[in-house]
Amino acid sequence: MVGAANSQVLKPVKWQISFKKVSEGVYDIICKATIESGWHLYDTKLPENGPLPTTFNMDEDETKDIELVGEFKATTEPKTEKSEAFNMELKYFEGTVTFVQRVKLKKDKAKLVGYIEYMSCSGGQCIPPAEEEFEFELTK
């Protein structure tokens, strides 16, 4: 008799990605992460040779009519701790965190296609880097 292994995919971070019009042709892309208890989501800036930082990525071909304004950053300060897994000081978030990226339209109408790339860990266990995709139609 052959048995099947039932493997569960860990997804300790859930994303809600939306946008808010700031002024004519300018939008804030709001990326809210809800992180399961006991897990960390890493900040946007981390030392080299560590875990993958949380990044905002646009599809260049699809999104040629949109430009990034400023940096992708969290609205709250990250915590810092010495990571045993990576043997370095790392900035991270627990619970919930909201990241914002401002974008500016180069035309009256544009499609924003992209993804958030992130990594999360709990103790010494990390999930492989993951992506959360988004797509919006924006107008001036």
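**Aromatic rings and strands**

Mentor: F99 has a relative accessibility of 0%, so this residue counts as buried. Keep in mind that the model is predicted.

Trainee: Is F93 buried or exposed?

Mentor: The cut-off for buried is under 20% relative accessible area. F93 has 4% relative accessibility, so F93 counts as buried.

Trainee: Which kind of aromatic pair do F93 and F99 form?

Mentor: A pair of aromatic rings is described by the distance of the centres and the angle of the planes. For F93 and F99 the centres are 5.5 Å apart and the planes stand at 85°. Planes over 60 degrees apart count as edge-to-face. The pair of F93 and F99 is therefore edge-to-face.

Trainee: How are the rings of F56 and F134 arranged?

Mentor: Both residues are buried. F56 lies in strand β4 and F134 in strand β12, 78 residues apart, and the pair links distant parts of the chain. The ring centres of F56 and F134 are 5.3 Å apart, with 25° between the planes. Planes under 30 degrees apart count as stacked, and the pair of F56 and F134 is stacked.

Trainee: How many aromatic pairs does the structure hold?

Mentor: Ring pairs link residues into a cluster, among them W15, Y27, F72 and F136. F56, F93, F99 and F134 belong to this cluster too. For the structure, the number of aromatic pairs is nine.

Trainee: Which residue in β12 stands opposite Y118?

Mentor: Strands β9 and β12 run antiparallel and are joined by ten bridges. Strand β9 covers residues 109-118. In β12, the residue opposite Y118 is A130.

Trainee: What percentage of residues 23-136 is strand?

Mentor: UniProt, in an unreviewed entry, lists residues 23-136 as "domain: Thiol:disulfide interchange protein DsbD N-terminal". Over this range the helix content is 0%, and the end C-alpha atoms are 17 Å apart. The strand content of residues 23-136 is 61%.

Trainee: What is the mean pLDDT of the chain, and where is the pLDDT below 50?

Mentor: The mean pLDDT of the chain is 91, and 94% of the residues reach 70 or more. Where pLDDT is low, the predicted coordinates should not be read in detail.

Technical notes: Residues are numbered from 1 along each chain as its sequence is written. This is a predicted model: local features need pLDDT of at least 70, side-chain atom pairs count only at pLDDT 80 or more; totals for chains, interfaces and linings use all residues. Side-chain values use heavy atoms; hydrogens and water are left out. pLDDT is the predictor's confidence in each residue, from 0 to 100. Rings of Phe, Tyr and Trp (its six-membered ring) pair if their centres lie within 6.5 Å; planes under 30 degrees apart count as stacked, over 60 as edge-to-face and the rest as tilted. Helices (H or I, at least four residues) and strands (E, at least two) are DSSP runs, numbered from the N terminus. Buried means under 20% relative accessible area, exposed over 50%, partly exposed in between (1.4 Å probe, protein chains only). UniProt positions are given in the numbering used here, feature names are shortened, and annotations may be inferred rather than shown by experiment. Two strands pair if DSSP finds at least two bridges between them.
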